[in-house]
Amino acid sequence: MGAIPRIVGVEHLHLPVERYMLTPRQALEYDEVDDAAVRACVRRLSVPYPAAARLPAGSAAEREALDAYTVLYRRYGLTDAAEARTWGYHTPAPEPSGATAAKAAKPPPLSAAAQNVLTGVDNSGTPLTSYRGRPVPRGGCLGEAERLLGAGASQGPGTDTDGIVTSIKADGFEQSMSDPRVTKVFSAWSACMNTRGFRMTTPMDEVPSSNGATPSRSEIAQARADVACKARTNLVGVWFAVESAYEQAAIAEHRAELDRVAKARDATVRAIDRLSHGNENQS
């Protein structure tokens, strides 16, 4: 496993399996291009469809935060001291903006015709090959968009429910939770929490007060102790090193399959880039 790093936060920290996934920014671009491809298909078939929400371009700070995002966020529980001081265990809630309001707006229900051309099947479940004399692509407009992008999940190939990337990510976490090196540091962290008046066995224990609408003073005190005890015991460093080692072993075992996933991911990235530029030219 090598030397265990001393780590407090998880910012800019990445698990080994993430190199086979789309980055968070690429995943966002995937969703945008996928939506544009679906809309182009529906428009070609002259089916009424809700208008796309016009969202303002993200700020430089928002783009930087997206690039820095890692799947480790809250994976080991709360690790950010600033968040703990303000939000306790609650997920930080940014001030609503025009973009978030547009995202939250509930779209109108889809017509039966739109549902049919999206999925490529009629109301009886029979494959739909045409709509008002126009050919419907195999699998409907959703299927056409998926083929254009070459991936079945917005995080890239292998990240669907039964995909190899998802399996490695889930299995490594589960194995690390019962690893003696991790359970030992859990005990040290738990003892540290106990000295501060908080009884928790693992960082995954539920904190009932976090279910409230806003964080209470007692919740914030517990959250601050949690982060401090993680720093004192190097819980994040140990856990990350152990989980990474399990992932590296799985990656070595499934190298050939993951090489295929990486090639498919690269093809998807190229498709995102190509289609994004095509959409820009059309706008």
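Buried here means under 20% relative accessible area, exposed over 50%, and partly exposed in between, with a 1.4 Å probe and protein chains only. This is a predicted model, so local features need pLDDT of at least 70 and side-chain atom pairs count only at pLDDT 80 or more, while totals for chains, interfaces and linings use all residues. Residues are numbered from 1 along each chain as its sequence is written, and side-chain values use heavy atoms, leaving out hydrogens and water.

I'll start with H8. Helices are DSSP runs of H or I, at least four residues, numbered from the N terminus. H8 covers residues 180–195. Its buried residues are Val-182, Val-185, Phe-186, Trp-189, Ser-190, Cys-192 and Met-193. They cover an arc of only 160° around the axis, which puts them on the same side of H8; the arc is that of the directions from the helix axis to the C-beta atoms. Pro-180, Lys-184 and Thr-195 are exposed on the other side. The buried set packs against helices H7, H9 and H10, where contact means heavy atoms within 4.5 Å.

Now the salt bridges (a side-chain nitrogen of Lys or Arg within 4 Å of a carboxyl oxygen of Asp or Glu). The whole structure has seven. One of them joins Glu-243 and Arg-75 at 2.7 Å, N to O. Glu-243 is in H10 and Arg-75 in the loop between H2 and H3, so the pair ties together parts 168 residues apart in sequence. Glu-243 is buried at 0% relative accessibility, and Arg-75 is buried at 15%.

Another pairs Asp-226 with Lys-230 at 2.5 Å. Both lie in H9, four residues apart.

Terms used
Helices (H or I, at least four residues) and strands (E, at least two) are DSSP runs, numbered from the N terminus. The expected span of a helix is 1.5 Å times one less than its number of residues.
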